[in-house]
Amino acid sequence: MEHLEFRFPGRPGLVWKAEGKLVGVVGSGNLEVLIEPADLKGDCLATISTSIVGFGETWRQVLTDFMERHTLSDIRISINDGGATPAVVSLRLDQAVADYLGAAQ
Amino acid sequence: MSGSYLEASARNRILGLLDPGSFVEFLGPTARVTSPHLPELDMPVAFDDGVAVGEGKIGGRTVLIAAQEGKFMGGAVGEVHGAKLTGLLERAIDIKPSAVLLLFDTGGVRLQEANAGLIAVGEIQRAVLAARHAGVPVIALVGGRNGCYGGTSIVARTCDWIIGSEEGRLSISGPEVIETVEGAEEFDSQDRALVWRTMGVKHRRLIGDIDRVVADDIDAFRAAAQDYFGKSRPLALDALNAEQEFLASRLKRFEDCRDAREIWARLGVNESGRVPDLNPDEFENLASSCAVRRP
């Protein structure tokens, strides 16, 4: 297992408040993403536990792209990963945001 | 919510069965109560340990409900997963809901958690009996891709009622386990027709192991479950003795049968080869006249 943590400066704008949302399931080539509000002084925090070791840079790039696609702040994202490909990770992250924002409306 | 029960995730099965907006989850993913064993084995955990439990309403009546997520470790029962199910059943004794619904989708005990998982299954079974003893009907729903196998199948048979869709299977040992132990001549796990007619819910219904076969549809499961609200099977000693006698006489009646189709023919099913093709309504008509009746 490898445990990674990335902190991104948030992009203040809309303030969304909703209950935490879970999408996906931990399994071979799949992952679960838990997204929830957190007091991070405007930042966003992503923590990852993955069964595949040595892809920290890929995770950083996928999460950087994700943060650029959305306007998020004070959000904590927690991931349990069973070896998902970057494309699957991106889709799950977008699904989590869609669920989260949907619940906040 | 209409839609395939088979294809839905654990939480979506719950949300589809319950009245809209009524679900309150206990120990949900944000509580992060996860397996203490999997990290020791360098394996990823799930934030809900593969089961969602909580309270809600069906047709305005309060129920407790649990759904195993079959895609996490095959829905297998670990220590935390089991404790969530046990806790839910113990809560039933306190609040006396109209029913407890257990949505099984599982291969049984999580082997990685070995003894803790086995103990958990024993605790769940004891809690099912305690809830039933308190007068709360416990209903098992079997319609997920993993079926209901291993120790969890024993738990299911401890419930008052079992409802299944044709995709569901109920058995102690899975097809591959039997093939490994007894050989492919005895049981070919790749022969899906053999697997389904031996372990599938239609066979289970015909020999009196389960109570209802429904379509693979969340609405159909909800309608069938509601029929059992407030209805308990007797749990006194004479009822258990009668059940034991029933099982012994059933074994004697069919012990020379080499295939489920022989059992069906002996039960008076015409054209037993057509059983797999019958839709749930046609099949229930057949079962109501031919199926073995448990006491």
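## Chain A: helix and sheet

Helix 1 (residues 56-69) of chain A lies across strand 1, strand 3, strand 4 (44-50) and strand 5 of chain A, and runs at about 35° to strand 1 of chain A. Contact here means heavy atoms within 4.5 Å. Helices (H or I, at least four residues) and strands (E, at least two) are DSSP runs, numbered from the N terminus. Axes are lines fitted to C-alpha atoms, for helices over the stretch in contact, with angles from 0 to 180 degrees between N-to-C directions.

The model is predicted: local features need pLDDT of at least 70 and side-chain atom pairs pLDDT 80 or more, while totals for chains, interfaces and linings use all residues. Residues are numbered from 1 along each chain as its sequence is written, chains are lettered from A and ligands numbered from 1 in the order in which they are written, and side-chain values use heavy atoms, leaving out hydrogens and water.

The sheet of chain A is open, with 5 strands in the order 1-4-5-3-2 and mixed pairing; two strands pair if DSSP finds at least two bridges between them. Strand 1 (2-8) and strand 2 (21-23) of chain A are at the edges with a single partner strand each, so one side of each has no neighbour in the sheet. On average, neighbouring strands are turned by 15° against each other, direction ignored.

Within this sheet, strand 3 and strand 5 of chain A pair antiparallel over 7 bridges. Ile35(A) stands opposite Ile77(A) in strand 5 of chain A.

## Chain B: helix and sheet

In chain B, 7 strands form an open sheet of mixed pairing, in the order 1-2-3-4-5-7-9. Its edges are strand 1 (24-26) and strand 9 (212-214) of chain B; each has a single partner strand, so one side of each is left without a neighbour in the sheet.

Strand 5 (residues 138-142) and strand 7 (residues 161-165) of chain B run parallel and are joined by 4 bridges. Leu141(B) has Ile163(B) of strand 7 as its bridge partner. Helix 2 (residues 79-95) of chain B packs on the sheet, touching strand 1, strand 2 (51-58), strand 3 (61-68), strand 4 (99-104) and strand 5 of chain B; its direction makes about 170° with that of strand 3 of chain B.

## Interface

Contacts link 14 residues of chain B with 15 residues of chain A. The two chains bury about 1100 Å² between them, 64% of it on carbon and sulfur atoms; buried area is the accessible area (1.4 Å probe) lost when two parts are put together, summed over both. Arg32(B), Pro44(B) and Phe47(B) supply 45% of the area that chain B buries against chain A, more than any other three residues.

## Salt bridges

A salt bridge is a side-chain nitrogen of Lys or Arg within 4 Å of a carboxyl oxygen of Asp or Glu. The whole structure has 26 salt bridges over all chains, and the count between chain B and chain A is 1. Arg32(B) and Glu36(A) meet through their side chains in a salt bridge (2.5 Å, N to O).

Glu36(A) also forms a salt bridge with Arg76(A) (3.6 Å, N to O). This pair links distant parts of the chain, with Glu36(A) in strand 3 (residues 31-37) and Arg76(A) in strand 5 (residues 75-81) of chain A, 40 residues apart.
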